[in-house]
Amino acid sequence: MDNRTFTLIKPEAVAAGNTGKILDAILGAGFRLRALKMVSLTRNRAEKFYAVHRERPFYEKLIGYMTSGPVIAAVLEKDNAVADFRRLAGNTDPARAEEGTLRRRFGTDTRHNAVHASDSDEHAREEWEQFFTETEITNTDYSGA
Ligand code: CMP
């Protein structure tokens, strides 16, 4: 399905009290919430989520960071969801992200960059399936949320 994507609001953004502002910006950009939950990642879950980065020099610190406090997981729906959410999230490095993007507004550095944004439809599904069962993702046809 090409109209859904997955995001995590990362630990520093949750700890800083920015969850509401980030969700508001996401909804304001035209995304609908299809699933939402707060989770504290275990090391195993973080390693699975970031398995593609296992060989990267930043991997260990990334896992330490992503297990340092709760994250908010969400399935988002909108036409062209993956590309549009990556645009809303902004560059991986908040200092290089465009004005108004989530990472520019709420991220502090390349690791602590406020939100995760899936990079393809296939990965989005693989990622949300690590957080939500099929029945936890609503298909109700409604507007405004
Ligand atoms: P995310 O989009 O969740 O996917 C991989 C994460 O690794 C990325 O966001 C950053 O949090 C982190 N990351 C990517 N590149 C670097 C880097 N060069 N240094 C530190 N952390 C990084």
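Helix H5 is followed by Gly90, a residue whose phi is positive, near 90°. In this predicted model, the helix itself spans residues 81-89, and its buried residues are Ala81, Val82, Asp84, Phe85, Leu88 and Ala89. The cover over these buried residues of H5 includes strands S1, S3 and S4 (115-117) together with helices H2 (19-28), H6 (102-106) and H7.

Is Lys78 buried or exposed? Its relative accessible area is 18%, and because the limit for a buried residue is under 20%, Lys78 counts as buried. The side chain of Lys78 is joined to that of Asp84 by a polar contact of 2.5 Å, and Asp84 is itself one of the buried residues of H5. Leaving aside residues up to four places away in sequence, Lys78 touches Asn3, Ala29, Gly30, Phe31 and Arg32 as well as Asp84.

The strands come next. Six of the six residues of S1 are buried, so this strand is largely enclosed by the rest of the structure. Both of its faces are covered, with Arg4, Phe6 and Leu8 buried on one side and Thr5, Thr7 and Ile9 buried on the other. S3 is likewise mostly covered, since seven of its seven residues are buried; Val71, Ala73, Val75 and Glu77 make up one side, and Ile72, Ala74 and Leu76 the other.

S1 and S3 run antiparallel and are joined by six bridges, in which Thr5 has Leu76 as its bridge partner and Ile9 stands opposite Ile72. S3 also pairs with S2 in the antiparallel sense, over seven bridges, and there Leu36 stands opposite Ala74. S1, for its part, pairs with S4 over three bridges, again in the antiparallel sense, with His116 of S4 as the bridge partner of Leu8.

In soluble globular proteins, nonpolar side chains tend to be buried together. Here the largest nonpolar core has 22 residues, and those with the most contacts inside it are Phe6, Leu8, Met66, Phe131 and Phe132. Two or more residues are given to this core by each of S1 (4-9), S2 (32-39), H3 (43-49), H4 (59-66), S3 (71-77) and H7 (121-128), and H4 gives the most, with five residues.

Which residues surround the ligand? They are Lys10, Tyr50, His53, Phe58, Leu62, Arg103, Thr110, Arg111, Asn113 and His116, and His116 is also the S4 residue that partners Leu8.

| Residue | Atom in the protein | Distance to a ligand oxygen atom |
|---|---|---|
| Arg103 | polar side-chain atom | 3.1 Å |
| Arg111 | polar backbone atom | 3.0 Å |
| Asn113 | N or O atom in the side chain | 3.3 Å |

On its own the ligand has 460 Å² of accessible area, of which the protein covers 78%.

Key
Residues are numbered from 1 along each chain as its sequence is written. This is a predicted model: local features need pLDDT of at least 70, side-chain atom pairs count only at pLDDT 80 or more; totals for chains, interfaces and linings use all residues. Side-chain values use heavy atoms; hydrogens and water are left out. A nonpolar core is a set of buried Ala, Val, Leu, Ile, Met, Phe, Trp, Tyr and Cys residues joined through side-chain atoms within 4.5 Å. Buried means under 20% relative accessible area, exposed over 50%, partly exposed in between (1.4 Å probe, protein chains only). Helices (H or I, at least four residues) and strands (E, at least two) are DSSP runs, numbered from the N terminus. A residue is near a molecule or strand if one of its heavy atoms lies within 4 Å of it. A polar contact is a pair of N or O atoms within 3.5 Å; within protein, one must be able to donate a hydrogen and the other to accept it, and residues adjacent in sequence count only if both atoms are side-chain atoms. Accessible areas come from the Shrake-Rupley method with a 1.4 Å probe; for residues, only the protein chains shown count as cover. Contact means heavy atoms within 4.5 Å. Two strands pair if DSSP finds at least two bridges between them.
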